[in-house]
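Good morning. Please look at the sequence and the model on the screen while I talk.

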Amino acid sequence: MPAIVEVQNVTKTYDGGFDALKNINLDIEQGEILALLGPNGAGKTTLISTICGLSSPTSGHIQVGGHDVISDYREARKLIGLVPQEINLEPFEFVINTVRFSRGLFGKPRNDALIENVLRDLSLWDKRNARIAELSGGMKRRVLIAKALSHEPRVLFLDEPTAGVDVELRKDMWAMVDQLRQDGVTIILTTHYIEEAEAIADRVGVINNGEILLVEDKQDLIVRMGRKEMRIELTERVETIPDSLAKYNLQRADDGSAVVYVYDTRGERTGITALLKDLREAGMGLRDVQTHQSSLEDIFVTLVQEASA
């Protein structure tokens, strides 16, 4: 698929010399869901703000749908919807007027049917004539999402959209994301709930200290960097691992009741059959065997720790 967002050699340096973004290169494909992960202060929000035209890059170029976000910002911005972290809404305005106004800001003609569909999808239709100040925090978050969708963007940025919200909103949110994806909308998501990224993303990008550490297909990343562990519970505790098993690099549990074997699922041979045979020959009886595959969260933590070392 062609790239709908192209970020080339982008740097963002603030007064005082702090580099929030350092030579960022990133292509986001049309119709994909990209999860952008990183610790607090990593540069996620700065990158999103720069692509959306809310902040200007110090150097480099950004295009959205072939439109430069600086020289052709009106056309680029028309393609973008943004759900920010902060809730910043006019408290005394009505919900439906707030969403209609957002659509008008992008030069779109009035479309009451579309606005109604968006509000219904977000369980806001019954609140359409309520003032923003009367809404709960979760409902205000829904209004932000409705505003971002009001002008039918082709690229949607979700900056921590489910932080601090209820389970019902998350469910509605991901159902809408799935529908938007089917309609060909490109979605860029930042989240602290890595299990959400693991569930819905096509690709994963990891950013830390203003630098992109990697951007990779989610499943390929899990296969490439994920560890498979086999924990072998023993019938009798062991004080040390016999020398005859040294080639397996087994890790002994603290209480000696089990050993852990780490292996590569991509290899032609895992070595499990030989290990079990050698354990028996070493007089170590097996009581139970459990396996564990590294999650996306495990991989993320490892990448950030290695980059910060």
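First, the ground rules. This is a predicted model, so local features need pLDDT of at least 70 and side-chain atom pairs count only at pLDDT 80 or more, while totals for chains, interfaces and linings use all residues. Residues are numbered from 1 along each chain as its sequence is written, and side-chain values use heavy atoms, with hydrogens and water left out. Helices (H or I, at least four residues) and strands (E, at least two) are DSSP runs, numbered from the N terminus.

Start with helix H5, residues 137-149, and helix H6, residues 167-182. Their axes come within 11 Å and cross at roughly 10°. An axis here is a line fitted to C-alpha atoms, for helices over the stretch in contact, and angles run from 0 to 180 degrees between N-to-C directions. That angle makes H5 roughly parallel to H6. For the wording, under 35 degrees counts as roughly parallel, over 145 as roughly antiparallel, 65 to 115 as roughly perpendicular, and the rest as oblique.

Which residues of H5 and H6 make the contact? On H5 they are Gly138, Arg141, Arg142, Ile145 and Leu149, and on H6 they are Glu168, Leu169, Asp172, Met173, Met176 and Leu180. Contact means heavy atoms within 4.5 Å. By class, the contact of H5 with H6 has six nonpolar residues, one polar and four charged. Ala, Val, Leu, Ile, Met, Phe, Trp, Tyr, Cys and Pro count as nonpolar, Asp, Glu, Lys and Arg as charged, and the others, Gly among them, as polar.

The second pair is helix H3, residues 95-105, and H4. Their axes also come within 11 Å, but cross at roughly 120°, which makes H3 oblique to H4. Val95, Ile96, Val99, Arg100 and Arg103 in H3 meet Asp112, Leu114, Ile115 and Leu119 in H4. The contact of H3 with H4 divides into six nonpolar, no polar and three charged residues.

Now the salt bridges. How many are found in the whole structure? The search gives 11, counting a side-chain nitrogen of Lys or Arg within 4 Å of a carboxyl oxygen of Asp or Glu.

In one of them, Arg203 pairs with Glu32, with the closest N and O atoms 2.7 Å apart. This pair links distant parts of the chain, 171 residues apart: Arg203 is in strand S9, and Glu32 is in the loop between strands S2 and S3. Are they buried or exposed? Both Arg203 and Glu32 are buried. Buried means under 20% relative accessible area, exposed over 50%, and partly exposed in between, with a 1.4 Å probe and protein chains only.

Another salt bridge joins Glu116 and Arg120, at 2.8 Å from N to O. These two are four residues apart in helix H4, so about one helical turn separates Glu116 and Arg120. Glu116 is partly exposed at 26%, and Arg120 is partly exposed at 44%.

Last, the loops. Ser123 is not a glycine, yet has a positive phi of about 55°. Ser123 sits in the loop between H4 and H5 and is partly exposed, at 35%. Asn209, also not a glycine, has a positive phi of about 55°. Asn209 lies in the loop between S9 and strand S10 and is partly exposed, at 42%.
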